Amino acid sequence: MPRMPSRPSGDPGIPDLRALRSVLPERSDAGRNVALLGYDDAGERLDLWRAELADDRVTVLGPGTLAELVDRLRRLGPVDLLVDLLTPDRLPAGCLDHGVLLRTLLPHLRKGGAFVHDRVAAPGELPDLAAISDHVAVVATTHDLVVIGQRHRHVLMLREADVPDVLVAREPALAVDELAVLPAGDFPARTTVHHHGEPPAVAPMESVIHHPRLALRHYRGPVAMSGRTLMWSGSTVLPDSFRWHLADQLGNPHLDDPADGHARMRRRHVPKRLLDGDLYQLESSYPSHFGHVLTEVVSRMWGWDEARRRLPALRLLVHPRRRFDNVVERAVIAAFGIADEDVVNVAGPVEVGSVVSASPMWHNAPPHYVHPDIAAVWDRIREGLRPHESGIETSDRLFVSRSDATANNARICRNLKDVERRFEARGFTVLYPEQHPIADQARLFREARV
């Protein structure tokens, strides 16, 4: 840890800052985004920092609880400079020591930003930095200050409840309107489930199913569409990026190291080109994968008609998966009634200025839910597939099996042929769905009784 020389203590302001100039973020024309962690009664030292940073945009954060401090930082957006003036006995409630404080707040710094621990206001050393070494670009000290630089670019992952308050506070260039809302509610399950043995702990079938409030949102302003549902603006990932948006831990295949509401963004997901017009986001986390398409894509289709009514030139944005035939997406989208000329296929990330996205009607992770109106979406797709059905022979008893083409080590049935023969002996027709066009799949399942 290099030690920088400090200037004589009699100099005005915070003299050690001059010696640390090379490791602190530079000031732009608009000034730096600075957060001072301290109480208004912190006295002269707080006043000195305010005077020293008079050309910056300074916010003083009286900590309260750690959760309250984090919430205020989330609204500030990426911070250039975060100055810690808190004595150990006045840390936020829920924060054990300065090490916890540092680890919690580091992701709120922009890449190249700095956490400054003021040892005059808060005497003592910071704990061992080994646990956060992956985040740290530089550490420098003077007699009075310890500076820790942020190495990575972090983005904040928003939840639906964060729109619009946190989003608008962080990204003032982005506006969001709700075009439609489906209120939260409950409905009785109509399915009877028979368990052989202990019922599963995962996805239990409840007698009453609760679904949350769903929204159809129109974002106006710079939004990056990086594929696999990833939508983000500035340093903020929109809630539409997460197939399990209510899960304890958010995540997206294009984001690295998600933790505590933040993740890291790779450079290759940053768009280098603009796409004009009004777009609708209708993607899945794993494009061209049958199960993901029929749950994630179908569950967001409910908002298309209203969005198209509001925005007549609306088109559908799709990132086809490389080296995969997106036959499932194309069949489902066409059956729903969206014309080929209204589908825009793009490769790689793009920036758009107008995009509509809907909360999913299906959440296949705790807390599990489904919205009853998804039945109407399924009905519409079914009717759209009917003209494409063949004269395939159907059966009222199906055993849905898995062929060698779709088997994998994680999901393989090791005595598959024995199981198939057992069901065939009881009058079941063994079906490998992937061997049939999706329209015929729909017909086979529709006409089966068991």
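Trainee: What makes strand 2 and strand 5 the edge strands of the sheet?

Mentor: In this predicted model, 6 strands form an open sheet in the order 2-1-3-4-6-5, with mixed pairing. Strand 2 (57-61) and strand 5 (136-141) each pair on one side only, and that is what makes them the edges. Neighbouring strands here are turned by 15° against each other on average, direction ignored.

Trainee: How do you know that strand 5 pairs with strand 6?

Mentor: Pairing takes at least two bridges between the strands. Strand 5 and strand 6 (residues 145-150) are joined by 5 bridges, so they count as paired. The two strands run antiparallel. For an example you can find in the model, look at V138: its bridge partner in strand 6 is G149.

Trainee: Now the helices. Why are helix 3 and helix 4 called roughly parallel?

Mentor: Helix 3 (residues 66-76) and helix 4 (residues 98-105) pack at an angle of about 30°. Angles under 35 degrees count as roughly parallel, and therefore these two helices are roughly parallel to each other. Their axes lie 11 Å apart, and the crossing is right-handed.

Trainee: Which residues make the contact?

Mentor: Helix 3 brings L66, L69, V70 and L73, while helix 4 brings V100, L101, T104 and L105.

Trainee: How many residues of each class does that contact of helix 3 with helix 4 have?

Mentor: There are 7 nonpolar residues, 1 polar residue and no charged ones.

Definitions and conventions. Residues numbered from 1 in each chain as written. Predicted model: local features only at pLDDT ≥ 70, side-chain atom pairs only at ≥ 80, totals over all residues. Heavy atoms only, no water. Helix = DSSP H or I, 4+ residues; strand = E, 2+ residues; numbered from the N terminus. Axes fitted to C-alpha atoms, helices over the stretch in contact; angles between N-to-C directions. Parallel < 35°, antiparallel > 145°, perpendicular 65-115°, else oblique. Left-handed = near helix turned anticlockwise from the far one by under 90°. Contact = heavy atoms within 4.5 Å. Nonpolar A, V, L, I, M, F, W, Y, C, P; charged D, E, K, R; others polar.
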